[in-house]
Amino acid sequence: MGSYSSTDVAFPEFAALQDSFIGLIGYTITPADLDKLITDSLASAKFVITENEANADDLDTKIKSFLNGVPALVANNYQIKDLSIAAGKVNVPVKVTTGNFTKDSTTISIDIVPAVSLEKEAVVTTSFIQANNLGQSALQDAFEKAITVALKSSPDESLTIDEDYEVKSLVVAKDSASVSAIIKGIGNYKDSVTVTVTVTDFVVGGGTGLKDSPIQVSFTKDVKRDLTKADFGDNKYYVIDLKDATGLTGIAIDAFGPNVTLTGAIGLSSATSLRGADGAKSLFTAYVENNGDINKGEYKAIASDNDSIVITNYYAAKRQEPVVTFSRKVGKTVDDSPILEKQTATVSWKNGSLKDADTYKPEVDMKEFAGVNRFFSELISFEITPFPLENQLIFTPKKELVYNGQKKELISDEFTLTTKKDIHPIVLTPGDYNEKIEYKNNVNAGEKATATFTITNPNFALSTPAKVFEPFTITVPFTIEKAEIDDAEIRIIQKKADKDGKVTLVGSDVVSKFGKFGTDFTFENGKTTVSVLKANKKEVKIALDDKKSNLKLEEGETFIIVSFGVVEKSVNDLASKAVVTDNKPTFTGSALRPTVKIANLAEGTDFNVVLYEGKSVGDDITGKNSLEGTEAGDYVIWVEGIGEYGEHAAAGTFKINKANVATDVQWHTPAFTGYETPEELLDVLNGELKVGDHKLKYNTDYAVVLSPSTDGVFYSALVTGAGDNFTGTHTLTFNEDSKIETVTSVPTSVSYANGVLTLTNLNGATATVVSLNGKIAAKFTVSGNEAQKSVSLAPGFYILNAGNAATKFIVK
């Protein structure tokens with residue numbers, strides 16, 4: 001140590017000042033702190049002594065190597081002697097012989113890190129040593145690769161050979177079935193364990209047997225024996241390739257442990273026979289009978305890269321059970337082609353219905369190779385996929401649909417809904433679709449009529465199945481055939497000639513049971529007006545428009561001849577005196593008509609009442625007519641002259657009101673005990689009209705919203721009228737006391753006296769008075785529960801019918 005000052009200062013550019021700085025600059029060297037130097041170095045180097053090092057002969061060498069790196073210490077300026085070990089530390093006396101230190105000796109303590117006992121803590125995982133590695137040059141390396149050493153506290157972290165342990169004293173068993181060695185701890189580890197590794201005849205491609213490092217195993221055709229639990233029945237992780245294991249004679253049922261993955265186990269035959277299977281890719285080959293085109297109703301088997309086989313087919317409304325046969329490679333021919341041997345196996349499909357769309361797994365019994373059973377049961381699956389209905393449905397009425405001017409709306413027992421024969425012929429039933437069917441273009445003849453179904457069965461799809469099934473709609477065409485023209489009952493009303501003796505016919509003079517003038521038929525050559533002299537033959541030719549008519553003629557005919565009568569009187573002259581009553585009845589499901597009186601004319605003798613659908617009373621109404629109405633809606637009343645009268649004229653309007661579900665319907669309600677489903681409740685609920693015999697149809701005549709009570713005791717049902725014939729709302733309650741909402745039965749009666757008909761409790765019914773010769777003497781709709789109707793009847797015997805009541809009477 002000491003203090004020092006400058007003796008020479010050089011400033012080349014300021015030479016005159018150099019001497020002035022001499023002695024002004026200095027520094028001092030102080031003695032080093034030996035304890036601090038060594039302690040700081042121990043901390044920064046994290047220097048410790050392991051238990052193995054503390055007991056080694058070269059302990060002082062290791063310590064000197066450390067001290068040589070301490071600042072101010074060099075190999076020849078200090079000494080250590082009399083090392084001692086106590087309380088888990090190595091005590092090292094250090095004495096410096098030269099140098100400037102605050103003191104010349106100190107004792108340092110270095111921690112001893114206890115070594116981990118492999119005997120107590122080691123977990124050794126072994127794989128295999130191939131028999132061809134038993135030679136002296138390859139054995140050491142093969143053994144070291146076949147073991148993995150870890151600690152119980154961290155089994156997934158492997159120790160490092162030559163750093164944490166070493167392998168010594170290899171011994172091959174006399175039967176060459178195993179090799180043993182001593183695993184000795186070094187570094188931070190101590191003690192030793194003896195490990196035995198099995199010698200095997202199959203090929204080991206590496207891996208430690210841990211989850212992230214499975215042992216890779218493959219076979220050659222020379223392995224000719226059974227595999228048993230001793231081979232792979234432990235909990236180690238294996239990937240075993242069976243592709244070339246053609247020499248195996250069997251696989252025990254417990255040969256494979258829970259962590260075994262098989263590859264090359266099963267492939268799929270792409271040929272039409274078992275002998276043509278693709279045997280080179282796997283030990284076993286599956287042949288699926290009738291493996292072809294799923295779009296032809298055949299099974300379709302597909303093999304994937306992970307050795308799995310998926311057999312598919314569309315839902316067929318019946319049990320489907322694929323027939324699967326296996327073959328096994330047993331060796332190779334001279335040209336290295338695999339030899340296939342049919343393997344007796346039982347493949348059964350016991351789990352599930354094998355009918356509904358779902359995925360099914362088989363039960364496989366491979367007999368002598370039972371060890372692969374559970375793998376094959378997982379690798380093979382049968383998927384029944386929903387049947388694609390798009391462009392596949394056929395709507396076939398049970399009776400031919402022929403045009404009659406009415407909408408064609410069939411219920412489920414009046415048609416069949418089937419799939420085409422392309423895939424599977426299936427007959428759909430009401431359980432497959434919603435009861436409410438939407439019909440369009442369903443009046444006129446042709447091929448444009450459609451029925452739209454809402455499919456509710458998840459075994460069907462429109463095209464591609466959805467992940468979660470939701471009801472879907474599909475539209476199916478059907479055909480309405482043209483009607484024979486004779487069935488239309490085309491006629492011409494009686495006409496009155498003008499002053500010149502000429503009769504002019506217009507479209508509204510031509511009436512029919514169905515069909516319409518100007519659309520379905522016209523006068524000959526498309527004329528809409530024809531003049532005929534009274535003196536001539538009273539007939540006219542009616543022709544059809546083949547392209548748009550709903551009617552058809554006999555083959556070879558081009559027209560029909562319709563005759564008509566010419567009379568002297570016209571109802572037109574008295575139409576302004578027409579009085580219409582009973583013209584706003586409520587829908588009953590039965591035929592209804594108004595009562596029309598014209599001066600002193602008698603209905604059925606001098607005129608008939610004709611109804612046309614619609615509200616207009618103009619002169620352009622032609623074609624279809626009816627003597628009565630059934631459906632709720634608006635009608636135009638025309639009177640047509642008969643007997644001594646001719647022509648026709650508008651007389652007013654007639655309206656059939658919709659029935660109210662609250663006041664006009666008797667409801668039959670289900671009991672709710674707490675266990676019934678909404679569907680079951682709706683199945684029991686039904687209603688019928690109090691007047692008439694019409695039974696309401698759910699989703700056609702009414703809709704229902706069900707709401708459960710919070711206490712689970714009852715359901716509230718909000719019924720809403722729907723369709724053409726019902727309106728209003730009504731609330732019902734379903735509970736354990738639910739019963740039919742009854743209507744007091746009242747007696748009905750009809751009678752006649754002194755020109756007056758008396759009708760009791762028949763409101764809304766149609767009353768008809770018929771003479772013995774079948775002629776209708778009077779017909780009207782009853783209005784009120786106590787109704788009286790004046791009728792003028794000639795002497796004779798009559799029958800009066802109204803609703804379910806009838807009586808006979810004589811007029812004198």
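## Helix 1 and its cover

Helix 3 (59-67), strand 6 (89-96) and strand 7 (105-113) are among the elements that cover the buried residues of helix 1; helices (H or I, at least four residues) and strands (E, at least two) are DSSP runs, numbered from the N terminus. This is a predicted model, where local features need pLDDT of at least 70, side-chain atom pairs count only at pLDDT 80 or more, and totals for chains, interfaces and linings use all residues. Residues are numbered from 1 along each chain as its sequence is written, and side-chain values use heavy atoms, with hydrogens and water left out.

| Side of helix 1 | Residues | Relative accessible area |
|---|---|---|
| Buried | Leu34, Ile38, Ser41, Leu42 | under 20% |
| Turned away, exposed | Lys36, Ala43, Ser44 | over 50% |

Accessible area here uses a 1.4 Å probe and protein chains only, with partly exposed in between. Seen down the axis, the buried residues of helix 1 fall within an arc of 100°, so they line one face; the arc is that of the directions from the helix axis to the C-beta atoms.

Strand 14 (residues 178-185) and strand 16 (residues 192-200) are antiparallel, over seven bridges, and alanine 181 has valine 195 in strand 16 as its bridge partner.

Note on methods: Pairing = 2+ DSSP bridges. Contact = heavy atoms within 4.5 Å.
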